Every structure is written in structure tokens, then in C-alpha cells.
Amino acid sequence: MIAVARHSALVAAVMAGFLLVSAIIAVLRHEPGAGVYLLTALLTVFGAGAMFLAVRNRRARIDRRSSYVLLVVLWLGTPVIAAFPIAATTTLGPLQAWMEAVSAFTTSGAIQIHDLGEVPRATIAWLLTLQWSGGLLTLVGVVAVLAPAGIGGLPDRSARASLTGSTEAMALDDAVRQVLPVYFGATVLCTLLLFALGVRMFDALGLAGAALSTGGLLPDADGIAAYGHFTVKLVMMVFMLVGGTSVLWHRLLLTRRFRLAFGQQENMAVLAVALLLGIVAAATWFNTPLGGRSLPLALEDGLFTAIALVTTMGVEPHAGAFTALPLTLVLVVVFIGGATFSTSGGIKIYRVGVMILQGRREVDRLVHPNAVRPRRLGQQNVSLQMMKAIWISFGVACTTVVTVTVALAPVMPSFEAAFVAALAALSNAGPVYAAGWDSGQVWPEWGALPAYAQLILAVTMILGRLEILVVLGLVNFALWRR
């Protein structure tokens, strides 16, 4: 576990740097809480430094099991540290502050702070930074750990190596060097475009981070509607799609390997589904009693709604945008999510594509029982082992949703509310729950639920980012005996 301690210390040091930024913002704006951020940063630096010095002369290579442990430690530990300044600078209690930190870090967007005008700007900056950092950890985790291990049937390391030109023995540090320039560069570009359109720099940074991390927390309590004209929404839609598609696909485009890029059917499917769903949503609002909008405005809101659902960002262009669509359709889209190697939640379109591929093969086998057909999805070979892993992952995800639903049902006003909460938490799309599906009854906010229900939802959000099979593997004693 030496490698786990070393990498955890480095992440903690970066976290302390972000805390110092929030402290500086509080000082410059004469806001309360600067001391809390500074003290938390110093304690974090002290702990990280002590841990790093304790293991600096001990050589250890991070293996697969250690990488699993590292991911679990980071996803569980970071919100604990992040909750201290949130609790100290808001009206939230310790448990609710931790829940808010988990929601931001997992990019779930299930916020409990609605009156952002009463919250120190430093705290908003801290939450937005957590959200952006969670998107980065999602990408690094899937590129460096989950996909190479083939967790849940994700594309294997050989496929990734052929796409990126990297060796199969890519270390965690190498994954950061591959992912961070694309992620950070896209964030900077989105920020500059929004700032050029008249959005304030603070808000532009927050919106850019939300788009790239596909998180539901925005700098303004009024959401995207607070930023006015179509061009701001257009920029957001483009970069939401960047967040919802594969970071490896972006590298192919940036290195002008267009033949390989356009052969990535999963990413093309994300764009196609968003376009199709956007047209359906626009048709719902165009010149109808439900919407009564003009065609350009209906297309604008329809496409934004579709992209927000496909990428699991969950931000509505206006109140009631999600509820204009059938609940079943919204839940299916959110449960599937975006592309692998992206910051979106859900089980991913790749897995659904493989399940459809196997279904077609089984139907063909009824007609041609002796036919031999290659198993390929685009440029990716699909082995029988990968198919089994994908079906297991799908079954575990469905079982998790059912289990969480049953656990939440006693404290929810209806079974439907419990089911939507469970699926939204696992898909990291918290705002879908708060869209107002039951006009006759207001569903309670997650922070108002009993402590056990909040814990269940928070753990479910973390499981949505970790891949549940990783946790199941770590608790399996047989894995540790190998």
C-alpha cells in the first residue's frame, strides 16, 4: 500500500492548493471563512507531507489491486476533507455538508444550497472546483485503472493502446499526462469563449467546469437561464458534448487521425442520440399547448435538454423541460449515459451497443446456426469474456437500483420517487430527481431525508463513479489471497 499512500499524498497536496485559492477569494472579497479554508489547507498539507515523507524512500509499483484501493480511497476520502469548509461557511450540518461534497465531487449536481446569493463566493468556487476535479478523476480512473482491467467489459488496454499510440503498460502518471492537457485545455477554451460572450470570468470558469465535468452545479441559482442568449447555450452544448464523449476520441481528432476517429461508433452514437432526442423534445414544445414556442426557440431548448440528459449533466434550459418528456424515456437515457472514457454517468452506450450486438447474433443463430461471424463493435473486437462482463455489470447496476429503491421507499412519498432517486444517484444525474415529476406532491430534497437515506444516496453516487464491480472485488477476500 506504499504506492497508494504516495499517490494519495500527492492528490491531497493538490487539494490543499485548491483550498488556498478559495481562501484567497474569501480574503479578496472580505468574506467569512478564509481562516477555515486556510486551516483546512494547512492541515491537509501537513498530513500529505507527513505521509509522503514516510514513504518517499520506499519503492513500490502500483499494481492493479493497489490502483483499485487508490480509487476507493480518493472517492471516499476527498469529500470528507472537502466537507469541513462547506459545513463552516454554510447552514448545512456535518452530514449534509458531506453529502454536498459527495454530490459535487461525483458531478451528480444534487445540490442542497439553493440561495447561492447568501453563500460566500469562496464556497461556491470550492464546490465548482470539486466538481471539475471529480470529472478529472473520473477520466484518469477509467483510462488508467478501470478500462485496462476490463472492469464491466470496458474496452481493454490493447484497444486503447492502438487508439492513442501508447504502450499497454501505461502508468497512472502517464494517464494524467494524457488526460489533463485535453481536459484542462477544453476548460480554458470554453471559459474564454463564454467570457468573450459577456459572461463574468467567475461564472465562465464555473460554467466551463460544469460542462466538461458534466456536473449539475452552476454558479447561478437560476441555472443556465440566467445567462440569456442563444450563443451562451450553444457554447455550453458543444462542450457538454465534449464532456460526454471519449477523451481518447478527442485525442484522435486533435492529432488528425480522422479515419480512426470517425470509426468510433460509440461517440457518433452519442451525437446521434442527442440530435434525435433534441428533435423529439423540440417537437413537444413547437407551437403546441404544452410549449407554444417558435421553431428556433424550440430547437434551442430541445437540443440543450437532450444533451443535458445524454451526458447526464441534468441541467434544464428552463423549468419543466425534463417533465415535458415521458419519465420512462428520461430515465432510460440517463441510465445509459454517454460514452466510455468520458465524464458522463450511466452504464455507457458502449455496453448497450455490445448487448444489442449479442442480441442480434443470437437471433441470427436461430436462422443460421452454423454461421461464424466476427464479434466487432466498430473498431473494437468484442470477446465472449467481455460480453459476459458487460451483462454482469448491467445486472449488478440493475440490482443496485432495485436495492437502493427498496431501502429508500419507506422515507419517500411514493415508490416512483424512490426509484427515480436511486437511478439518478447511480447515474450521477441528481437534478433529474428534482425536476418536479409529481405535480400533486413535492418530493423531499435529499438533504431533508433521514441520515441513513442520505448515506445510501451518497454511497450510490460514489458507486456510480467507481464501477460497482471494483468495490465488489475489493470486498471479496479471495482477491486478497491471490
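These are my notebook entries on one chain, taken from a predicted model.

**Ground rules**

I number residues from 1 along each chain as its sequence is written. Because the model is predicted, I take local features only at pLDDT of at least 70 and side-chain atom pairs only at pLDDT 80 or more, while totals for chains, interfaces and linings use all residues, and side-chain values use heavy atoms, with hydrogens and water left out.

**Entry 1: the whole chain**

I looked up the secondary structure and found 20 helices and two strands. Helices here are DSSP runs of H or I with at least four residues, strands are E runs of at least two, and numbering starts at the N terminus. Of the 482 residues, 55% count as buried. For that I use relative accessible area with a 1.4 Å probe and protein chains only: buried is under 20%, exposed is over 50%, and partly exposed is in between.

I then checked the surface: the chain exposes about 20900 Å², and carbon and sulfur atoms supply 67% of that. The areas come from the Shrake-Rupley method with a 1.4 Å probe. Among contacts (heavy atoms within 4.5 Å) between residues at least 6 apart in sequence, 71% join residues at least 24 apart.

**Entry 2: α7 against α9**

How do helix α7 and helix α9 cross? I find that the axes of α7 (residues 172-196) and α9 (residues 230-244) come within 10 Å and cross at roughly 175°. That makes α7 roughly antiparallel to α9, a label for angles over 145 degrees. The axes are lines fitted to C-alpha atoms over the stretch in contact, and angles run from 0 to 180 degrees between N-to-C directions.

From α7, the contact is made by Ala186, Leu189, Cys190, Leu193 and Leu194; from α9, by Val232, Val235, Met236, Phe239 and Val242. I sorted these residues and got 10 nonpolar, no polar and no charged. Nonpolar covers Ala, Val, Leu, Ile, Met, Phe, Trp, Tyr, Cys and Pro; charged covers Asp, Glu, Lys and Arg; the others, Gly among them, are polar.

**Entry 3: the core**

Next I looked up the largest nonpolar core, which has 147 residues. Such a core is a set of buried Ala, Val, Leu, Ile, Met, Phe, Trp, Tyr and Cys residues joined through side-chain atoms within 4.5 Å. Helix α5 (residues 121-146) gives the most to this core, with 16 residues. Those with the most contacts inside it are Leu194, Met236, Leu309, Val432, Trp437 and Trp446. Leaving aside neighbours within four places in sequence, I listed the contacts of Trp446; they include Met99, Ala110, Tyr433, Leu457 and Met461.

**Entry 4: two positive phi values**

Thr214 has phi near 50° and lies in the loop between α8 (201-213) and α9. Arg256 has phi of about 60° and sits in the loop between α10 (247-254) and α11 (258-262). Which is the relative accessibility of Thr214, and is the residue buried or exposed? Thr214 is buried, at 0%. Arg256, by its relative accessible area of 67%, is exposed.

**Entry 5: Val411**

I ended with Val411, in the loop between α16 (384-408) and α17 (415-426). Val411 is partly exposed, at 25% relative accessible area. Val411 and Pro450 are 39 residues apart in sequence, yet 7.6 Å apart in space, C-alpha to C-alpha. Beyond four places in sequence, Val411 is in contact with Leu449, Pro450, Tyr452 and Ala453.

Methods:
Angles under 35 degrees count as roughly parallel, over 145 as roughly antiparallel, 65 to 115 as roughly perpendicular and the rest as oblique.
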